[in-house]
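Visitor: Please show me the model. I would like to hear what its terms rest on.

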Amino acid sequence: QVNLVESGGGLVQAGGSLRLSCAASGRIFSIKIMDWYRQAPGKQRELVAAITSGGSTNYADSVKDRFTISRDNTNNMVYLQMNSLKPEDTAVYYCHALSGGSYWGQGTQVTVSS
């Protein structure tokens, strides 16, 4: 079992920045991949960024060069630094981990005003 708790969401103006954090606990030694997904109203949940235990990263085209995913294995944290935010980035952002099973956090709302 892996437990994930997100924080750092909020309301920001277009062009601004936010940093999301995800704290992992439980069977964290078995986590292979951690990633961030988002779901906007009326849309499907989509992958935003992923990072492996070795530090390899992958990003959705829509966020490349604006978002950065990072991982602190010592403190069992994963972060999503979001810069140059756009109104279309508005969504609930979810932390996700692959560790034998698939685990999700409760989500954190990010709202970008124009």
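Guide: Two strands pair if DSSP finds at least two bridges between them; strands are DSSP runs of E with at least two residues, numbered from the N terminus. The model is predicted, so local features need pLDDT of at least 70 and side-chain atom pairs pLDDT 80 or more, while totals for chains, interfaces and linings use all residues. Residues are numbered from 1 along each chain as its sequence is written, and side-chain values use heavy atoms, without hydrogens or water.

Visitor: What makes β7 and β8 a pair?

Guide: Strand β7 (residues 67–72) and β8 share six bridges in the antiparallel sense, and the rule asks for at least two, so they pair. Across these strands, S70 stands opposite Y79 in β8. Four residues lie between the two strands of this hairpin, where N76 takes a positive phi near 60°.

Visitor: Which residue of β8 is the bridge partner of L20?

Guide: L80 is that partner. Strand β3 (residues 18–26) also pairs with β8 in the antiparallel sense, over six bridges.

Visitor: Why is strand β8 described as largely enclosed?

Guide: Five of the six residues of β8 (residues 77–82) are buried, so the rest of the structure largely encloses this strand. Buried means under 20% relative accessible area, exposed over 50%, and partly exposed in between (1.4 Å probe, protein chains only).

Visitor: What makes H96 count as buried or exposed?

Guide: H96 has a relative accessible area of 4%, so it is buried. H96 belongs to strand β9 (residues 91–99). Its side chain makes a polar contact of 2.7 Å with the side chain of D35, and another of 2.6 Å with that of S102.

Visitor: Why are these called polar contacts?

Guide: The term covers a pair of N or O atoms within 3.5 Å; within protein, one must be able to donate a hydrogen and the other to accept it, and residues adjacent in sequence count only if both atoms are side-chain atoms. The values for H96 with D35, 2.7 Å, and with S102, 2.6 Å, are within that limit.

Visitor: How do you know that C22 and C95 form a disulfide?

Guide: Their sulfur atoms are 2.1 Å apart, and a disulfide is a pair of cysteine sulfur atoms within 2.5 Å, so the pair qualifies. C22 lies in strand β3 and C95 in strand β9, 73 residues apart. Both are buried. The torsion about the S-S bond is about -85°, so the disulfide is left-handed.

Visitor: Why is the contact of E46 and R38 called a salt bridge?

Guide: A salt bridge needs a side-chain nitrogen of Lys or Arg within 4 Å of a carboxyl oxygen of Asp or Glu. For E46 and R38 the N to O value is 2.7 Å, so the pair passes. E46 is partly exposed, because its relative accessibility is 35%, whereas R38 at 6% is buried.
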